[in-house]
Amino acid sequence: MRHTYLKSGLLACFSLILSTFFGGCSVASPTTVAETKVANASAVAPKGATIAIEPNSPADTVRVFYRNLRERRFREAIFLTNLRPAIEGLSDKELKDFQVDFEAVAKNVPAEIEINGEIVSGDSATVTAKLPGEDPDKIEIQEVRLRRENGVWVILTVDETAEKQIKQEGKNYFYALRIATHHDEAKAMLNRISKAQIAYSAQNQGKFGEIPALIASGFLPSDVQTSETTGYVYAVELSDDKSSYSATATPAEYGKSGKLSYLVRLNDAKSPLLTAKDAGGKPLNK
């Protein structure tokens with residue numbers, strides 16, 4: 001399930017890992033061109049390749065990457081990118097830890113990827129294709145940058161600094177990235193809950209609501225009730241007269257889906273205040 005309260009594009013590289021595949025590959029074309037293949041890119045919907053694609057070429061690498069991604073062959077897909085050191089040390093069981101995250105990306109891959117340009121300059125290449133952008137419902141022309149290593153084309157999804165970090169951290173990179181992303185998402189969801197409470201109380205004589213009521217009123221996405229896509233457990237506690245509330249976000253799996261616990265409570269002026277602390281995976285109390 002897509003995190004409906006986030007922007008897409010890794011949904012922002014997972015808001016990190018997911019934009020690695022959509023939006024995060026956009027770069028400038030190389031200035032020196034040894035070979036250029038360009039076709040009409042004016043059509044809106046993808047319709048397959050509009051250029052001749054040679055086996056094992058940069059364009060073919062891009063095509064195979066998205067085919068593997070669409071067909072849920074995630075290890076094979078990422079092996080074609082410079083994210084490979086982050087996944088080659090993962091066991092099949094560990095890879096499943098990221099199944100939901102990768103599925104969120106895979107479901108947005110069109111059945112046909114329209115590849116309409118390829119530029120090769122020595123060991124560098126740029127491929128242009130029509131891909132889902134920040135809004136996955138809209139197809140945009142994007143550029144995918146590649147580098148030739150030992151005769152094989154590699155898709156460059158991260159910059160040199162991140163690439164060095166990936167080589168140093170290996171399989172731990174994805175875990176650290178997911179935790180950082182979940183922390184950002186937890187804060188975003190608690191902010192969403194605070195705004196939902198304001199809207200809900202305005203419609204209910206100043207009374208605040210529990211999470212199911214906020215969802216039923218259309219103020220919160222339903223995935224706030226499950227940790228499968230968010231990595232966090234959210235809870236709202238109301239005062240006896242429902243004139244005040246507190247909200248918490250607690251890691252579903254401490255050290256794996258998140259490390260920080262969060263608490264939102266109202267001050268004397270009824271303004272929400274956010275507190276964050278490493279509580280060992282326990283909810284924060286007032």
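Does R84 count as buried, partly exposed or exposed, and at what relative accessibility? At 35% relative accessibility, R84 counts as partly exposed. Here buried means under 20% relative accessible area, exposed over 50%, and partly exposed in between (1.4 Å probe, protein chains only).

The structure is a predicted model, in which local features need pLDDT of at least 70 and side-chain atom pairs count only at pLDDT 80 or more, while totals for chains, interfaces and linings use all residues. Residues are numbered from 1 along each chain as its sequence is written, and side-chain values use heavy atoms, with hydrogens and water left out.

The predictor's confidence in each residue, pLDDT, runs from 0 to 100. The protein chain averages 82, and 82% of the residues score at least 70. Confidence is lowest in strand β1 (residues 35-38), at a mean of 41. It is highest in strand β7 (residues 245-251), at 97. Over residues 1-45, pLDDT stays under 50. The model has 128 contacts beyond four places in sequence for these residues, a contact being heavy atoms within 4.5 Å. Where pLDDT is low, the predicted coordinates should not be read in detail.

Helices (H or I, at least four residues) and strands (E, at least two) are DSSP runs, numbered from the N terminus. Helix α1 (residues 58-70) has 13 residues. From its first C-alpha to its last, α1 reaches 18 Å, close to the 18 Å expected at 1.5 Å a residue. The expected span is 1.5 Å times one less than the number of residues. Helix α1 is mostly covered, with 10 of its 13 residues buried. Among them are F65, Y66 and L69. The cover over the buried residues includes α2, α5 and strands β2 (114-121) and β3 (124-132). Helix α7 (residues 172-203) has 32 residues and should span 46 Å; its end C-alpha atoms are 46 Å apart, which agrees. Q205 follows α7 and has a positive phi, near 55°.

The structure holds 14 salt bridges, each a side-chain nitrogen of Lys or Arg within 4 Å of a carboxyl oxygen of Asp or Glu. R63 is partly exposed, at 37%, whereas D60 is buried, at 12%. R72 follows α1 with a positive phi, near 65°. Its side chain meets that of E103 in a salt bridge (2.9 Å, N to O). E103 lies in helix α5 and R72 in the loop between α1 and α2, so the pair ties together parts 31 residues apart in sequence. R84 bridges to E88, with the closest N and O atoms 3.2 Å apart. R84 also lies over the face of F79, at 4.0 Å from the ring centre. For this, NZ of Lys or CZ of Arg must be within 6 Å of the ring centre and within 35 degrees of the ring normal.

A search of the whole structure finds 10 aromatic pairs. Rings of Phe, Tyr and Trp (its six-membered ring) pair if their centres lie within 6.5 Å; planes under 30 degrees apart count as stacked, over 60 as edge-to-face and the rest as tilted. F74 and F102 form a tilted pair, 5.3 Å centre to centre with 35° between the planes. F74 is buried, at 4%, and F102 is buried, at 1%.
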